Amino acid sequence: MAVTAQASGTQTATVTTEHQLADVNATGVFTLHVDTVNMVAGDVLELRVYQMVLTLGTSRVIAFGAFYGAQLTDDLIKASTPIGNELTDATSLRFSLKQTFGTGRAFPWKVLRYN
């Protein structure tokens with residue numbers, strides 16, 4: 001199975017703003033990976049994956065995770081469960097990041113595609 005980077009970058013969070021990291025309009029299996037090394041006590045981070053069930057449908061949350069405060073050294077990278085996608089609509093899959101409390105932090109991230 002080949003693994004490729006579908007999208008990547010670093011998102012500096014604006015607190016209370018949901019940042020759209022990547023929209024996927026390709027078939028395959030995808031995962032979101034976010035490095036939380038910069039989080040400190042008082043920070044809260046939410047990660048979401050949205051999926052469209054049928055062509056021309058509405059993207060809805062299929063995976064959600066919330067993370068609080070400084071993260072353990074052995075658990076800094078958060079990864080979503082693999083999400084399969086067969087649609088090619090513009091927002092068939094959407095990956096987002098939202099910091100709800102604390103000071104806006106920089107979060108390196110990537111979306112991987114498994115073929």
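Author: Happy to! One term before we start: strands here are DSSP runs of E, at least two residues long, numbered from the N terminus. Also keep in mind that this is a predicted model.

Reader: Got it. So where does Thr16 lie?

Author: Thr16 sits in the loop between β1 (3–12) and β2. Its phi is positive, about 80°, although Thr16 is not a glycine.

Reader: And is Thr16 buried or exposed?

Author: Thr16 has a relative accessible area of 54%. Exposed means over 50%, so Thr16 counts as exposed.

Reader: What about Leu56, what's its phi like?

Author: Leu56 is a residue other than glycine with a positive phi, near 65°. You'll find Leu56 in the loop between β4 and β5. With 77% relative accessibility, Leu56 is exposed.

Reader: Let's switch to the core. How many residues are in the largest nonpolar core?

Author: There are 21 residues in the largest nonpolar core, and Leu32, Val34, Phe95 and Leu97 have the most contacts inside it.

Reader: Which strands supply at least two residues of this core?

Author: They are β2 (18–24), β3 (28–35), β4 (44–51), β5 (60–68), β8 (93–101) and β9 (106–114). In general, nonpolar side chains tend to be buried together in soluble globular proteins.

Reader: Nice. What is Leu32 in contact with?

Author: Setting aside neighbours within four places in sequence, the contacts of Leu32 include Leu21, Leu47, Phe95, Trp109 and Val111. Lys78 is also among them.

Reader: Tell me about Lys78, then. Is it buried or exposed?

Author: Lys78 is buried, with a relative accessible area of 6%. It belongs to strand β6 (residues 77–79).

Reader: What does the side chain of Lys78 make a polar contact with?

Author: With the side chain of Gln71, at 2.9 Å. Not counting residues up to four places away in sequence, Lys78 also touches others, including Leu32, Val34, Leu47 and Phe67.

Reader: New topic: what order do the strands have in the open sheet of four strands?

Author: The order is β2-β8-β4-β5, and the pairing is antiparallel.

Reader: Which strands stand at the edges?

Author: β2 and β5 do. Each has a single partner strand, so one side of each is left without a neighbour in the sheet. The twist averages 15° from one strand to the next.

Reader: And over how many bridges do β4 and β8 pair?

Author: Over eight bridges, in the antiparallel sense. If you'd like a spot to look at, Tyr50 stands opposite Arg94 in β8.

Terms used
Residues numbered from 1 in each chain as written. Predicted model: local features only at pLDDT ≥ 70, side-chain atom pairs only at ≥ 80, totals over all residues. Heavy atoms only, no water. Core = buried A, V, L, I, M, F, W, Y, C linked by side-chain atoms within 4.5 Å. Buried < 20%, exposed > 50% of the residue type's maximum accessible area, 1.4 Å probe, protein only. Contact = heavy atoms within 4.5 Å. Polar contact = N/O pair within 3.5 Å; in protein donor to acceptor, adjacent residues only side chain to side chain. Pairing = 2+ DSSP bridges. Axes fitted to C-alpha atoms, helices over the stretch in contact; angles between N-to-C directions.
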